Amino acid sequence: MQLITCPHCGPRAQAEFEFDRAVESVLALDATEAEAVARLYRRENPKGWSWELWRHSAGCGVFLKLHRHTVTHEIAEVSLLDAAP
Amino acid sequence: MTGSRTHQGGIIDRNKTISFTFDGKRYQGHPGDTLASALLAQGVVLFGRSFKYHRPRGVMSAGVEEPNALVGVGTGGRYEPNTRATDLFIYEGLVAESQNRWPSLSFDLGAVIGLVGRFVPAGFYYKAFLGKPGLWKFYEYFIRRAAGLGQPPVEPDPDSYEHRAAFCDVLVVGAGPAGLAAALSASALGERVMLVEQDIALGGGLIRDANSMEGLPAQAWITKALSTLTERGVRILNRTTAIGYWDHDLLTLAQKLVEPGQAPEDGQAAQRLWRVRAKKVVLATGALERPLPFAGNDKPGVMLAQAVRTYVNRFGITPGAKAVIATCNDDAYKTAFALADAGCEIVAILDSRSESPSEIVKAAVARFKVRIDAQILEAAGGPGGLTGITAEAGGQKLQLSCDLVAASGGFSPVAHLHMQAGGTLSWDEAKGAFAPNTSRQNQVTVGAASGVDEANTSASGLTPPKAVDTKHSFVDFQNDVTLADIDLAWQEGYRSVEHVKRYTTLGMATDQGKTSNIVGLARLAALEGRPVPQVGLTTFRPPYTPTTLGLLAGHATGKHLAVIRRPPLFDLHTEHNPLWLPSGYWMRPRAYPRNAETLHAAAMREARTVRQGVGWVDVSTLGKFEVAGPDAAAFLERVCATTVAKLAVGRGRYSFMLREDGIVMDDGTVWRIGPERYLLTSSTGGADRMSHHLAYVRQVLAPEMRVAIANVQEHWAGIAVAGPKAKTLLAQLAPDLDIPRHMSVARSQIAGVPVLILAASYSGERAFEIYAAGKDIVPVWQAIATQGTDHGGCAYGLEALEILRIEKGHVVVGGEIDGRTTPHDLGLDRMLNPKATYVGAPALQRPDLQSSTGRLRMVGLESETPIPEGSMLVSSIPGTPQGHVTGAGQRILEDGYVALAFLRDGSERLGEHLVAWSPSRGAKAPVSVVDPVFYDHEGARYRD
C-alpha cells in the first residue's frame with residue numbers, strides 16, 4: 001500500500017486513489033488518428049521512472065501527476081496538473 | 001531420547017497445571033509450555049510422519065521455523081492443520097493430533113511402504129507419468145492419499161477476525177536484546193514506538209541463554225525494560241508476527257488473541273490483523289540456526305543446538321540423557337554446558353572446525369570430550385528415538401551411543417522483512433551466511449539479524465562429509481528433499497536456483513525453507529563450483545509465517561463480503577417479496593412473482609402488462625449527472641458521441657459515450673433541463689466509471705471549460721411508468737400537468753411531492769421516468785401503484801425489462817455494449833456527431849474500426865424454439881463459431897423467440913439460416929438472421 005501525498009489532502013493511503021494512465025497516453029481531443037494509435041497502443045512501458053496520472057477519487061477528486069518508479073514504487077513528485085513537471 | 005522435566009528453572013509456572021490431549025491421550029503441562037515442550041517433558045519423541053516418505057519425525061527447533069513437529073489442532077471449524085507444536089502455547093482443553101499417518105502414528109502403513117520401497121526422487125512423477133495420462137488418472141488417488149500433511153477443516157470457521165490500522169514513529173520488530181534496546185532508546189527520545197514480538201514472552205535469545213545484562217539476571221533485566229517501556233507509553237504487542245513489509249513502510253502484523261484451535265471469549269476476535277504505517281522500522285528479527293547435513297538428520301532426537309538450550313533454560317526440560325553436540329561454531333558449546341549442568345551426559349562435542357581460540361572452547365576441552373575436524377555421517381534410531389551416531393573425526397570413523405544430537409550448522413539472519421522491503425543482501429563467505437546490506441525503505445536491521453555473529457561460525461557447517469549417504473541426508477525436512485535430490489536436479493541440467501526449487505520443491509513447504517534454503521543453495525554452489533551469491537536467491541515472499549485466510553478476510557465474509565446498496569424503495573419492494581438481482585452493488589427487484597409463479601412466468605406476465613396496459617419499474621439506480629455552466633453543452637459534446645448542442649430547453653435525446661480507443665463505453669439520455677443546465681444518465685453499473693470519466697474530461701482534457709459536474713445518482717430516485725395506459729395514469733396522478741411529448745421534460749407534483757418527468761422509453765411503449773428526491777419517493781410509488789392497479793397495471797422487475805428491451809432491439813451495457821463494440825458494430829454510427837469533437841473520435845478513424853468487413857455486427861435472431869443465451873452461431877453442428885448471442889427472450893404478445901446477437905459481417909447477412917448452439921448447456925436452436933428491432937419498428941407506440 002503506497003503512501004501518496006495529495007497536495008490538497010496530505011499523505012493518504014493508495015486505497016483512496018485510482019491509477020488512471022501514463023501521462024504519455026493522454027490523448028488530446030483534436031489528436032490525429034496516428035497520434036491516437038501512438039499514444040494508446042505504441043507507448044513506452046518503462047521499467048523505472050514514469051510520469052503517471054492518478055486521481056484522489058475517495059478524497060478531493062483531483063487528478064494528480066506522479067513521478068513514480070515502477071519497480072521500487074518510490075514517488076519522487078506529486079503535483080497538480082497545472083504545475084509544470 | 002527420553003525427555004524429562006528438571007526440578008527447577010525456566011519461565012513456566014510450575015504451580016499450575018494444564019491438561020490437554022495429543023492423539024486422544026491425556027497429558028499435562030504448565031502455563032508457558034508449548035505443545036512441544038509439554039510433550040517432550042513427558043517423554044514423547046514421535047510427533048508426526050513426513051510428507052513424502054512417512055519418516056518418523058520429532059521436534060527439531062523451539063520456534064516458528066519448525067519443519068517436523070507439525071500437528072492438527074482444535075476441533076470442527078476451529079481445526080487448524082500443520083500448526084507448529086513449537087509455536088503453540090498450551091491451554092486447558094487443547095486437542096492436538098499428529099498428521100499423515102494411517103492407521104496410527106506408531107504403526108504407519110505408509111512408513112512400511114517407505115521402508116521396503118525405493119525413495120521417490122525429485123521429478124519422479126513428471127518422468128513416470130509424462131505422456132501417460134491414463135496411468136496418472138489410475139494412480140492419482142493413491143498418490144494423493146499417501147502424500148501430504150494436514151487436511152483442511154471442512155466446517156466453516158466460527159471465529160471472527162479484526163482489522164486495525166496504526167501509525168507510529170518507530171516500529172521495532174522483535175523483542176530480543178537488540179529489539180528491546182532499540183525500543184528503549186527510541187522511546188527515551190519521546191518517539192511513538194510500537195514493539196512487536198511473535199513469541200508469548202519478550203526477551204528472545206536472553207530467555208534461551210539466561211545470561212545477564214547490565215549486571216542483572218536475564219529475566220530481571222527483561223522485566224525492568226518492560227516496565228520502562230510501558231511507563232513511556234510504548235505499545236507492546238506480544239504473540240504478534242510482522243508477516244509482511246510492503247510499500248512505503250507499511251507492515252502487516254498478525255496478532256494471535258487466542259492460540260490456534262482455542263475458542264475466544266464471547267464476542268472477541270480470534271486474531272487481529274494490523275496495518276502499521278511507520279516513519280522508521282527497526283528489524284531485530286534475530287537469526288535462525290541451520291541443521292547439519294548427515295544421513296538420518298531428520299530422525300527424532302536430532303535437534304538444533306540452540307533449541308536444546310531453549311528447552312533446558314526456558315522450559316526446564318532435558319530432551320535427552322546422553323547427548324552428542326555437533327557444531328561448526330562456538331555457540332553450540334553453550335548447549336553442552338547447559339545440558340551438563342542440567343544433569344545430562346555429554347558423550348562428545350564434534351566440531352567441524354580445525355580450531356577455535358575462544359574461551360568457551362578451552363573450558364569445554366577441560367570438561368568434555370571435544371573432537372575437531374569432526375562431522376556426523378549418520379544417525380541411527382527410529383520412531384522410539386536415537387540409539388547412536390557414526391562420525392568421522394580426523395579421518396577416523398567412530399561410533400557413539402547417544403539419545404540426543406544437538407546440531408548447529410551455523411546461522412541465517414532473518415532477513416525476510418528486509419528483503420520484502422526491497423533491501424539487498426551480502427554474503428559472508430567465512431561464516432556461510434547472507435546478511436542485510438543496503439535498505440530501500442526507512443528501515444534498519446540490528447542484532448543477530450544484521451549478521452552479528454559472536455560464535456566464530458565456520459562455513460564448514462554447510463559442507464557435508466564426503467562419505468555421507470546423500471539419499472538420507474535431508475535438506476528440506478518438511479518437503480522431504482535430500483542432498484541427492486539437489487544433486488539429481490543439477491545432473492539433469494537444472495542451473496537456475498528458481499528451477500531447482502520448483503523441480504525439487506526445496507523451500508516450498510509451509511516453512512518456506514527457513515532452515516533449508518541456504519543449505520540447498522550451498523550444495524548447488526558446490527556442484528557448480530561457484531560462490532553462493534552467484535547461484536542466486538529465491539524471492540522472500542510474505543507472509544513470514546503461515547497465516548490463516550480468515551485473518552486476511554477480516555469481517556469481509558458471508559453477507560459482509562461486499563457492500564449492499566439499497567435503493568430508497570428497497571423496503572417497499574421487500575413487502576412484495578420480489579426475487580432480487582444484484583446490479584452493480586445495488587439490490588434491484590428482478591420480478592414480483594405471484595402465487596408461486598416461476599421467474600419466467602412472472603416476468604412474462606409483467607412484460608405483457610406493460611405491452612397491453614401499464615407497468616412501473618424502479619429505475620432509481622441509474623447513473624445521473626447534472627452538468628451546468630456556460631460551456632455545459634460544449635462539454636457534453638466532448639463526452640457524448642452524439643450532438644447535444646442542438647437540444648432545445650426542455651428536450652432530451654438518446655446518447656452514448658466512447659472510450660478513447662473508439663469503443664462504446666456506456667449509453668444513456670441527455671436532457672436540457674435549463675438554459676445552461678443538463679442532466680446526463682448512464683447505466684447503473686457504469687455510473688462510477690462515468691463519474692471518473694467526466695472528471696477526467698473536465699480536469700485533464702478540457703480544463704478551460706466553464707462547467708460544473710454534480711453526481712446526482714443517489715439524490716434522484718426514479719420510477720418508469722410504461723405502457724399504452726401510461727399517459728392516462730400520469731394525467732390522473734398529476735391533473736395540472738401538460739403531458740410532455742416523447743423526449744421532453746416536465747415538472748409537476750405527484751402525491752404532493754415535486755417530481756421531474758422525463759418522457760423516455762426503454763420498453764418500446766409510451767413511457768415516463770418520474771424522478772423525486774430519494775427521501776420523498778415512497779408516496780410517489782404508492783400513488784402510482786394504487787391508481788395503476790385500478791388500470792390493471794403492475795410493478796415489473798429487471799427480467800421483464802430485459803425481455804421488453806430485447807424485443808425492441810435496445811442495447812444494454814454489459815450485454816451488447818461489452819467493451820469490444822464500436823458505434824458501427826451496434827448500428828449507432830448514424831447518430832455520431834459529424835463534428836467529431838468527442839472523446840474516442842481520433843481512434844475511431846482507424847481503418848480496422850471503420851471497415852465494414854470482418855467485424856462482428858449486431859443482428860436480430862428469430863426462432864420457433866428458445867434460443868440459448870450466450871450460445872455460439874454456427875452454420876451447422878459442429879462448426880466454426882461465426883458469432884454469439886448476447887440477449888435472448890420470448891416474444892411477448894406473439895409466439896416465437898427472439899435474440900440479439902453479434903455475427904461476423906452480420907448486417908449483410910439478413911435472411912441467412914444458422915444454428916445457435918451451446919454445447920456446455922446441451923442446447924441448440926435453428927435461427928434466422930433478421931433486423932434487430934422485432935417490435936414497432938417505426939416507433940409509433942411511444943409517439944402521440
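This is a predicted model: local features need pLDDT of at least 70, side-chain atom pairs count only at pLDDT 80 or more; totals for chains, interfaces and linings use all residues.
Visitor: Is helix α23 of chain B largely enclosed or largely open, and how many of its 11 residues are buried?
Guide: Helix α23 spans residues 798-808 of chain B. A residue is buried if 20 or more other C-beta atoms lie within 10 Å of its own. The helix is largely enclosed by the rest of the structure, because the buried residues number nine of the 11.

Visitor: Which residue just after α23(B) takes a positive phi?
Guide: Look just past the end of α23(B). Phi there is about 80 degrees. The residue is B:Gly809.

Visitor: Are α21(B) and α22(B) oblique or parallel to each other?
Guide: Helix α21 covers residues 726-733 and helix α22 covers residues 777-790, both in chain B. Their axes are 10 Å apart, at an angle of about 125 degrees. Roughly perpendicular ends at 115 degrees and roughly antiparallel starts over 145. The two helices are therefore oblique.

Visitor: Is the crossing of α21(B) and α22(B) left-handed or right-handed?
Guide: On the α21(B) side, the contact uses B:Leu729, B:Gln732 and B:Leu733. On the α22(B) side, it uses B:Ala783, B:Ile784, B:Gln787 and B:Gly788. These residues divide into four nonpolar, three polar and no charged. The crossing is right-handed.

Visitor: Which residues have the most contacts inside the largest nonpolar core?
Guide: That core has 115 residues. Another core, of 91 residues, lies apart from it and has B:Tyr333, B:Ala342, B:Ile349 and B:Val532 among its members. In the largest core, the residues asked for are B:Leu636, B:Val721 and B:Leu861.

Visitor: Which residues does B:Leu636 touch, not counting residues up to four places away in sequence?
Guide: B:Leu636 is one of those with the most contacts inside the largest nonpolar core. Leaving out its sequence neighbours up to four places away, it touches B:Val627, B:Val644, B:Val670, B:Tyr678 and B:Leu680.

Visitor: Which helix gives the most to the side of chain B that touches chain A?
Guide: In the contact, 22 residues of chain B meet 23 residues of chain A. The chain B side divides into nine nonpolar, six polar and seven charged. Helices α20 (687-701) and α25 (841-844) each supply at least two residues. With six residues, the one that gives the most is α20(B).

Visitor: Where do the cis peptide bonds to B:Pro543 and B:Pro878 lie?
Guide: The bond from B:Pro542 to B:Pro543 has omega near 0 degrees. The bond from B:Ile877 to B:Pro878 has omega near -10 degrees. B:Pro543 sits in the loop between α15 (532-535) and α16 (549-553), and B:Pro878 in the loop between β47 (872-874) and β48.

Visitor: Is B:Ala210 buried or exposed?
Guide: B:Ala210 lies in the loop between α6 (205-209) and β11 (212-213) of chain B. Its phi is positive, about 45 degrees, although it is not a glycine. It has 21 C-beta neighbours inside 10 Å, so B:Ala210 counts as buried.

Note on methods:
Residues are numbered from 1 along each chain as its sequence is written. Chains are lettered from A and ligands numbered from 1 in the order in which they are written. Two residues are in contact if their C-beta atoms, placed from the backbone, lie within 7 Å. Helices (H or I, at least four residues) and strands (E, at least two) are DSSP runs, numbered from the N terminus. Ala, Val, Leu, Ile, Met, Phe, Trp, Tyr, Cys and Pro count as nonpolar, Asp, Glu, Lys and Arg as charged, and the others, Gly among them, as polar. Axes are lines fitted to C-alpha atoms, for helices over the stretch in contact, and angles run from 0 to 180 degrees between N-to-C directions. Angles under 35 degrees count as roughly parallel, over 145 as roughly antiparallel, 65 to 115 as roughly perpendicular and the rest as oblique. A crossing is left-handed if the near helix is turned anticlockwise from the far one by less than a right angle, and right-handed if clockwise. A nonpolar core is a set of buried Ala, Val, Leu, Ile, Met, Phe, Trp, Tyr and Cys residues joined through C-beta atoms within 7 Å. A residue is buried if 20 or more other C-beta atoms lie within 10 Å of its own, exposed if 12 or fewer, and partly exposed in between; C-beta atoms are placed from the backbone.
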